[in-house]
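These are my notebook entries on one structure. I set down what I looked up, topic by topic.

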Amino acid sequence: MSNHLKRLVAPGSWHIPKKVQKFVMKTAPGPHSAGALPVGVWLREHIGLAQNASEVRKILYQRDIIVNGRACRNPQMGLGVFDIVSIPKLGKHYRIQLDKRGNLIAVEISAESAKTRLCKVQNKTTVKGGRVQLNLAFGANILADNTYRAKDSIVVTLGTDGEDRFRIVDHFPFAEGNVAMIVGGKHSGKVARIVEITRTASSVPNRVILVDDSAGERFETIEEYVFMVGRSAIAPELEASA
């Protein structure tokens with residue numbers, strides 16, 4: 001299978017030039033969907049730290065790019081919404097987010113903000129010993145109590161040791177009145193307050209109605225596209241870049 005795809009068919013959310021070259025790096029299978037932005041493309045096209053694939057590989061082999069607290073060695077590894085990328089040698093830290101047009105962008109953040117990550121709870125299971133395991137949308141699994149539910153968001157630490165890695169420090173429930181970012185569909189990138197959740201007893205996705213108070217806009221999306229980012233207001237660490 002090819003490791004590249006034609007630029008003309010690359011996801012629009014990558015926000016890269018389509019006609020400067022014929023091909024672009026393809027996203028490797030991983031925790032995010034095929035629309036996730038490869039680390040190699042991000043380094044070349046978004047922040048300009050490399051000019052070609054060879055330079056990308058050299059940077060990664062030196063363990064200079066840290067993604068969610070772990071060194072990244074695969075240039076095709078996908079970056080998705082709310083991933084944390086650090087470049088220790090430059091003292092820079094970024095959060096991958098969606099802008100208001102639904103494009104993936106890197107927002108520079110402080111070193112303190114880079115110590116935690118916002119995660120969506122995809123589902124939860126019961127493991128050996130009757131313990132509850134939260135399965136997070138970016139591929140990680142953590143043990144927790146039964147307080148958290150699917151589609152909630154949690155904030156976890158990204159420490160390198162076992163004791164301070166994936167420790168839950170905040171929780172944003174999927175509930176009416178709380179604030180969410182839309183991460184799919186035609187409203188992708190919008191941040192709004194949930195006013196109604198309509199559940200259906202069928203294969204049809206549950207519907208969510210939201211209100212963007214700043215724009216006075218009311219719109220509807222499906223449950224899958226909702227990513228909780230705050231309670232009565234957007235979490236302070238995300239507010240400046242939303």
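I began with helix α1 and found V39, G40, V41, W42 and L43 buried there. Buried means under 20% relative accessible area, with exposed over 50% and partly exposed in between, for a 1.4 Å probe and protein chains only. Helices (H or I, at least four residues) and strands (E, at least two) are DSSP runs numbered from the N terminus. Just after α1, I noted that G48 takes a positive phi of about 65°.

I record the basis of these entries here. The model is predicted, local features need pLDDT of at least 70, side-chain atom pairs count only at pLDDT 80 or more, and totals for chains, interfaces and linings use all residues. Residues are numbered from 1 along each chain as its sequence is written, and side-chain values use heavy atoms, with hydrogens and water left out.

On a 1 Å grid over the protein atoms alone, a cavity is a set of points where a 1.4 Å probe fits but cannot get out; a pocket is an open set with protein on both sides within 12 Å along at least five of seven lines; lining residues have an atom within 4 Å of a point. Grid points are joined across faces, edges and corners, and a volume is the space filled by probe spheres set on the points. I found two cavities of 30 Å³ or more by this rule.

The second largest cavity holds about 30 Å³ of space. I listed its lining as R7, V24, M25, G40, V41, R44 and E45. Helix α1 gives the most to this lining, with four residues, and β2 (23-25) and α1 each supply at least two. The lining of the second largest cavity divides into three nonpolar, one polar and three charged residues. In this scheme Ala, Val, Leu, Ile, Met, Phe, Trp, Tyr, Cys and Pro count as nonpolar, Asp, Glu, Lys and Arg as charged, and the others, Gly among them, as polar.

I then looked up the largest pocket, with about 790 Å³ of space. Of the 28 residues that line the largest pocket, H32, S33, A137, V183 and E224 are the closest to its centre. Strand β10 (residues 116-127) gives the most to this lining, with four residues. I recorded 13 nonpolar, ten polar and five charged residues in the lining of the largest pocket.

A search of the whole structure for aromatic pairs gave me three. Rings of Phe, Tyr and Trp (its six-membered ring) pair if their centres lie within 6.5 Å; planes under 30 degrees apart count as stacked, over 60 as edge-to-face and the rest as tilted. W42 and Y94 form an edge-to-face pair, 5.5 Å centre to centre with 80° between the planes. This pair links W42 in α1 to Y94 in strand β8 (residues 92-98), 52 residues apart. W42 is buried at a relative accessible area of 0%, and Y94 is buried at 10%.

F138 and F166 form another edge-to-face pair, 6.2 Å centre to centre with 80° between the planes. F138 lies in the loop between β11 (131-136) and β12 (141-144) and F166 in strand β14 (residues 165-172), so the pair ties together parts 28 residues apart in sequence. I noted both F138 and F166 as buried.

Last, I examined T157, which lies in strand β13 (residues 153-158). T157 counts as buried because its relative accessibility is 5%. A polar atom of its side chain lies 3.0 Å from the backbone nitrogen of R167.

Definitions and conventions
A polar contact is a pair of N or O atoms within 3.5 Å; within protein, one must be able to donate a hydrogen and the other to accept it, and residues adjacent in sequence count only if both atoms are side-chain atoms.
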